[in-house]
Amino acid sequence: MDTIDNENRYILSSVDSALTILNLFLEYEELSANEIAKLIGVSRSTAFRFMVTLENRGFVTKTDAGKYRLGLNMFSLGMLAYNRMELVSLVHPLLTEMAQISGETCHASIIDDGRHVLFIDRVLGSSFLKMDTAIGYRLPAHCTATGKAILAYQSEQSVSGYIRRVDFTQVTSKSIKNAESLRVLLEEVRSRGYACDNEEAELGLTCYAVPLLDSSGHAYAAISISGPTTRMEANCEHHVKLLHSAVRKISRTIT
């Protein structure tokens, strides 16, 4: 009993309450501030302040009806934990195979904080002039093919939350300029089944990416092939076929 009391001395009540709120979403898909207040026994104003804070950090998102649901950052954290344990070991052999066949650099990526793509694995290609992005490197999701591939297969609420939080700063002259352009591109990704970074992160480099989808059709990661624009455009169809073949192999392994 003394040990438990000593441990409780170090618990921050505000953090504990915030985590209690997040745990509510294990049972409820959507909740209003008033409903949350009743469930955890606090005032509506207190619950509202908790939700505004969580929304600001991307852990929840607010619907048009004024209710809250889990945000993309919460999803990303959960997938980050899973991906770091399981995904790299699963995907790496396929990245190696694609790099050997294509001669280009291949990556696996996730969205780690609701806004940025995190490169969690990489296999360098054998061709001259290769993309050499380090593992752990981060970029705004809409500036990358893997980021767009993942965003295209998220809920409307998650995409809206991303748009509210992101800064559409021009990384290159070809970077996406605004939310409307991003939404058009995400629709194109869903229509053709792959995403493209057309020199949006770095001039002279092009990347094609395909999402990895869970059983509900939401993307939890993406794999890509990247290289100099002239080579990539000349081999676009071949590279996209390689990506789709790898995704099918991954899906069979997971299921």
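Six strands make up an open sheet with antiparallel pairing, in the order E5-E4-E3-E8-E7-E6; strands pair if DSSP finds at least two bridges between them. The model is predicted: local features need pLDDT of at least 70, side-chain atom pairs count only at pLDDT 80 or more, and totals for chains, interfaces and linings use all residues. Residues are numbered from 1 along each chain as its sequence is written, and side-chain values use heavy atoms, without hydrogens and water.

- Strands (E, at least two residues) and helices (H or I, at least four) are DSSP runs, numbered from the N terminus.
- Strand E4 (residues 116-123) pairs with E5 in the antiparallel sense over three bridges, and Leu-118 stands opposite Arg-138 in E5.

**The aromatic pair**
- One aromatic pair is found in a search of the whole structure, where ring centres of Phe, Tyr and Trp (its six-membered ring) must lie within 6.5 Å; planes under 30 degrees apart count as stacked, over 60 as edge-to-face and the rest as tilted.
- Tyr-194 and Tyr-208 form this edge-to-face pair, at 6.0 Å centre to centre and 85 degrees between the planes.
- Tyr-194 lies in the loop between helix H8 (179-192) and E6, and Tyr-208 in strand E7, 14 residues apart.
- Tyr-194 is buried at 16% relative accessibility, and Tyr-208 is buried at 3%; buried means under 20% relative accessible area, exposed over 50%, partly exposed in between (1.4 Å probe, protein chains only).

**Glu-199**
- Glu-199, in the loop between strand E6 (195-198) and strand E7 (205-213), has a positive phi near 60 degrees.
- Glu-199 is buried, with a relative accessible area of 11%.
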